[in-house]
Amino acid sequence: MKLIYSLLLIFCGWTTINGQQTCTVEGTVQDFHDKTMLENAVVKIGDFITKTDKKGKFLFDRVPVGAYNLVAKHPGCNDYTENIKVTQDTHLAITLEHHIGDIETVTLHVNHKTKSSMVISTLDKVELDRNSTENLGNILSKISGVTALKTGNNITKPVIHGLYGSRISVMNNGVKMAEQEWGAEHAPNVDVNDFEHIDVIKGASALKYGNDGVAGVVLLEPAVSPKKDTIMGNLKLSGISSGRGGEISTNVLKSWKNQWFVKTGGSYKKLGDLYIPHHTLQNTGAEVNSFNFSFGNHSFMQGFDVSYSGINQEFGIFKGAHLGNNFDAYMAMNFGQPYFRDDFSYNIVSPKQEVEHHIAKISAYKRFGDFGKITFQYSFQLNHRKEYDIRRGELNDLPSMDLRLITHNVNLNHLLERENWSIESGISAGFQDNYPNPATKARRLIPDYYRYDAGLFSVFKYRFNSKLNAEAGVRYDFSRYDAYKYYDESEWKDKYAAIFPQFYVQKNDSRILARPILDYHNISANVGLNYTPSKDFDIKLNFSRMSRTPNPAELFADGLHHSAAIIEEGDLRIKKEEVYNLNLALMRRFNVLYGLRVDVNPYIIFSNSFINQMPIGFRSTNRGSFVVWQYQQVKARIVGVDADVQLNIFDNLKWNTNFSVLKGDDLTKNEPLILMMPMNIRNSVELKLNKPSNFYLGFENENVFKQNRFPIRDQTVDFIQDGELVSRVIDYSTPPAGFSIFNIYMGGDLFKNLNVNFRINNIFNKEYREYLNRLRYYMPEAGRNVVVTLKYNF
């Protein structure tokens with residue numbers, strides 16, 4: 001009996017001990033951002049494995065006491081790993097980051113869980129590499145509805161739906177570019193080699209980027225650093241036939257598994273006088289160099305980065321566009337400019353531009369489980385622009401315009417995401433100091449001014465179901481100009497004395513010194529819908545109202561803008577610009593051959609206070625003869641449509657076409673708006689073979705039709721001919737003829753890490769002129785240009 005009793009005690013003891021050594025471990029797996037419970041997430045504790053149910057719950061009912069490695073996984077998520085100790089029944093709440101992309105970047109072109117109603121087009125790394133020697137304006141012209149406003153063949157700026165300048169916000173790695181973008185010939189100061197992709201948002205729906213993006217926003221995005229120990233980069237070398245020059249660029253990235261990274265890069269490009277069919281144009285060369293550097297740490301919960309980028313550009317302005325008297329202007333504009341051709345040179349002399357732009361940025365973010373994500377950013381920009389006129393004697397080495405613009409910006413944003421909705425809000429503040437150097441001994445085109453900005457926004461998105469999403473946003477901005485400017489006494493009395501007597505400071509001889517202090521309160525809003533009735537059909541509708549503060553040129557410009565070969569006149573009486581924009585985007589896929597996709601984007605833009613620049617006369621000065629362009633405020637309407645078609649004929653052969661047309665009207669004067677994009681069609685066919693060597697071959701055809709809708713602004717000039725004073729009419733209005741040009745490109749891998757891209761633009765060396773080139777009266781567009789690029793990846 002004693003033996004039996006002892007065995008029973010031992011057995012019961014083992015049972016008790018065994019019961020104490022096993023525990024229940026249960027919990028949930030949810031998305032970090034919107035708290036959605038994740039189904040079919042794999043949870044592993046040691047050798048025990050299970051999956052979550054539809055409510056995101058998991059259960060382990062007999063886990064021995066001990067230390068374990070916990071791992072949770074879900075498709076599209078970063079793995080969750082933690083060391084845990086099981087000593088009792090335990091409940092775990094696991095959160096996973098469920099966005100497929102790195103959410104620190106603004107990659108709007110990827111598919112997020114909450115779809116957007118914004119109309120977005122993207123140029124990827126492949127497209128940028130194939131056109132890396134081009135400037136930003138020319139590259140963006142490949143997107144339907146986007147073209148370029150040019151001053152010659154080197155200086156271009158993007159135009160979206162007929163609008164340009166201050167109406168387009170260019171975001172360089174999250175920093176809104178501040179670079180005297182008001183000028184028609186002020187090209188964006190960026191190096192496209194620095195970026196992984198470029199997103200173009202058409203229409204005024206991206207309120208988080210400010211209230212100036214009436215036409216749209218251009219997002220320049222660098223590559224995301226991988227979260228692993230590696231060093232990677234590339235070296236590119238290009239030869240360019242037009243200008244007999246070339247470009248070299250490099251980018252290097254070092255990253256670590258602990259999510260630290262360091263990046264740097266730079267480029268240098270040199271071109272001589274550019275080639276037009278059968279000639280070269282004197283003083284059209286360019287020299288550009290850039291450098292960038294950044295470092296930081298981007299973990300899931302928090303991160304920061306510090307970055308710097310700088311670019312220096314020197315552009316020659318075609319001498320034939322700067323005319324000494326009325327007779328030369330009449331002959332050049334009516335009969336063509338036969339002078340200043342050939343005699344190739346790498347020298348860049350007056351007239352020319354020298355521009356440098358520097359950006360320094362500090363940004364940081366922190367995530368909180370229930371509160372969302374907080375992002376802070378401070379940026380500093382320095383833009384220094386010098387424009388050189390053809391001047392005599394000791395003045396020849398002095399710039400006729402020397403502007404230094406310093407800009408400070410600070411932003412604080414908050415993002416909160418839940419299962420069916422998200423809200424992003426932010427506040428911002430900015431300060432600008434513009435200083436025109438008086439040492440130029442020339443009349444200042446833009447005066448001294450301080451600009452103060454403050455804004456706040458909120459954008460709410462809601463998902464009704466898997467097919468229907470909606471969003472609404474509102475933004476308020478305050479802007480103040482505090483300027484010092486001289487006016488001619490007669491102009492001050494005629495225009496401003498009765499309206500702005502409080503701005504009067506003093507009289508110096510026949511000049512009035514004024515201090516305009518102007519305040520602007522702007523309210524902008526948008527609503528949008530995204531409806532996807534099927535996976536092959538998508539509808540986006542967006543309506544916005546934007547209110548924009550006039551830029552400095554529209555208010556204060558006064559004098560000769562020599563690099564643009566015009567005289568500009570602003571108007572202090574110009575009010576804020578309010579624009580209404582209705583944007584519809586339709587996407588449809590069809591089961592034709594290997595796949596057909598059609599995108600159609602009709603839109604209408606309306607404004608009762610549209611700020612327009614118009615030629616109003618011709619003026620002779622001691623620096624030459626020039627057309628006078630004046631800023632005016634009118635009632636305007638722009639209606640247009642963009643269309644894109646992609647047909648996969650075979651798996652490795654595709655055809656693309658895009659089409660754009662718009663109609664712009666000045667409803668105040670009952671005439672067409674000036675400088676509206678002509679109708680155009682671009683076609684391309686590309687063959688791509690993964691084997692051998694990733695070979696590709698493509699043909700492009702660009703057709704631009706004549707612009708038949710334009711205002712009549714012919715100018716009358718007087719000059720002495722054969723001893724008599726005569727009056728002649730300069731045809732300043734008639735657009736050039738339409739044209740069709742062809743391009744070809746091909747490339748592939750020469751070795752494992754070395755590839756080549758070969759491109760010929762304007763194969764048949766056609767001579768043509770573009771309506772949107774401000775110097776079209778004096779010169780045609782570029783002729784045949786052969787570009788060869790070698791790229792080594794490491």
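A polar contact, as I use it here, is a pair of N or O atoms within 3.5 Å; within protein, one must be able to donate a hydrogen and the other to accept it, and residues adjacent in sequence count only if both atoms are side-chain atoms. I number residues from 1 along each chain as its sequence is written, and side-chain values use heavy atoms, with hydrogens and water left out. The model is predicted, so local features need pLDDT of at least 70 and side-chain atom pairs pLDDT 80 or more, while totals for chains, interfaces and linings use all residues.

**Helix 4**

I looked up helix 4, residues 326-335 (helices are DSSP runs of H or I, at least four residues; strands are runs of E, at least two; both numbered from the N terminus). At its start, a side-chain oxygen of N325 comes within 3.1 Å of the backbone nitrogen of F327. After the helix I find G336, with a positive phi near 95°. N326, A329, Y330, A332 and M333 are buried (under 20% relative accessible area, 1.4 Å probe, protein chains only; exposed is over 50%, partly exposed in between). What do these buried residues pack against? I get strand 36 (596-621), strand 37 (624-650), strand 42 (715-721) and strand 43 (724-730), taking contact as heavy atoms within 4.5 Å.

**N283**

Next I checked N283, in the loop between strand 20 (279-280) and strand 21 (286-298). N283 counts as buried because its relative accessible area is 4%. Polar atoms of its side chain lie 2.8 Å from the backbone nitrogen of V349 and 2.9 Å from the backbone oxygen of P351. Leaving out residues up to four places away in sequence, I list D273, G316 and F318 among the residues N283 touches.
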